[in-house]
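Here is a brief report on one protein chain. It moves from the whole chain to single residues.

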Amino acid sequence: KPIDDVEYQDLKKSLRSEEWKKDFLQKPIAERIAFADDLRAKSAESSSNKAENIMDVNQSYVAEVIEKHKIDFLIHGHTHRPEIKKLSNGSIKVVLGSWEDEGWVFEYDYDHFDLKSFSI
C-alpha cells in the first residue's frame, strides 16, 4: 500500500507494536503524559515542514481503492483538508475537516450532497 509519509508510517508502526505499548504502560503516568505532549509538539513542528503532497492522501492509491472496490463515495478524515471532489470515474471523495474546533458531517440525499461543520 503506497503511503508517501514514510517517517510517519514508521513511527506509527513502532508505537503500535505490542512490545512498545507494554513498555510504555509500565512507566509512571507523569512520564507518559510528558512523552505524549513532547510527541504532539514534535508532530506539529514536523508537519509544518512537510510538503503538501505528503500530508495529503496518496491520490493514485485512492483511485486504485475506489476502482478495485467499485466505490461510489469515499469518506475520510485525518488530512484536515475538508472538500468534496468528483473524480474522473464519477465517484465522489469526501474529506472531513479537523475536529479540534468544530465537528463535521457529510449530508447526502438523492438531490444533493453537502459538507457542513458545526459547533461542538
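## Surface and overall layout

The protein chain has an accessible surface of about 9200 Å², and carbon and sulfur atoms account for 53% of that. The model is predicted. Of the 120 residues in the protein chain, 18% are buried.

Five helices and five strands make up the secondary structure of the protein chain. Their order along the sequence is α-α-α-α-α-β-β-β-β-β. Take the contacts between residues at least 6 apart in sequence: 27% of them join residues at least 24 apart.

## The S4–S5 hairpin

Strand S4 covers residues 102-108, and strand S5 covers residues 113-119. The two strands run antiparallel and are joined by seven bridges. Together S4 and S5 form a hairpin, with four residues between them.

Ile84 lies in strand S2, which spans residues 83-86. The relative accessibility of Ile84 is 32%, so this residue counts as partly exposed. Patch members must have over 30% relative accessible area, and Ile84 stands at 32%.

| Residue | Relative accessibility | Class |
|---|---|---|
| His76 | 15% | buried |
| Ile84 | 32% | partly exposed |
| Lys70 | 62% | exposed |

## Lys70, in a loop

Where is Lys70 found? Lys70 sits in the loop between helix H5 (59-69) and strand S1 (73-76). The phi angle of Lys70 is near 55 degrees, a positive value in a residue other than glycine. Lys70 is exposed, because its relative accessible area is 62% and the cut-off for exposed is over 50%.

## His76, in a strand

His76 belongs to strand S1. Is His76 buried or exposed? His76 counts as buried, because its relative accessibility is 15% and buried means under 20%.

Which residues does His76 touch, leaving aside those up to four places away in sequence? They are Val57, Lys93, Val94, Val95 and Leu96. Gly97 gives a further distance: His76 and Gly97 are 21 residues apart in sequence, and their C-alpha atoms are 9.2 Å apart in space.

How values were computed: Residues are numbered from 1 along each chain as its sequence is written. This is a predicted model: local features need pLDDT of at least 70, side-chain atom pairs count only at pLDDT 80 or more; totals for chains, interfaces and linings use all residues. Side-chain values use heavy atoms; hydrogens and water are left out. Two strands pair if DSSP finds at least two bridges between them. Buried means under 20% relative accessible area, exposed over 50%, partly exposed in between (1.4 Å probe, protein chains only). Contact means heavy atoms within 4.5 Å. Accessible areas come from the Shrake-Rupley method with a 1.4 Å probe; for residues, only the protein chains shown count as cover.
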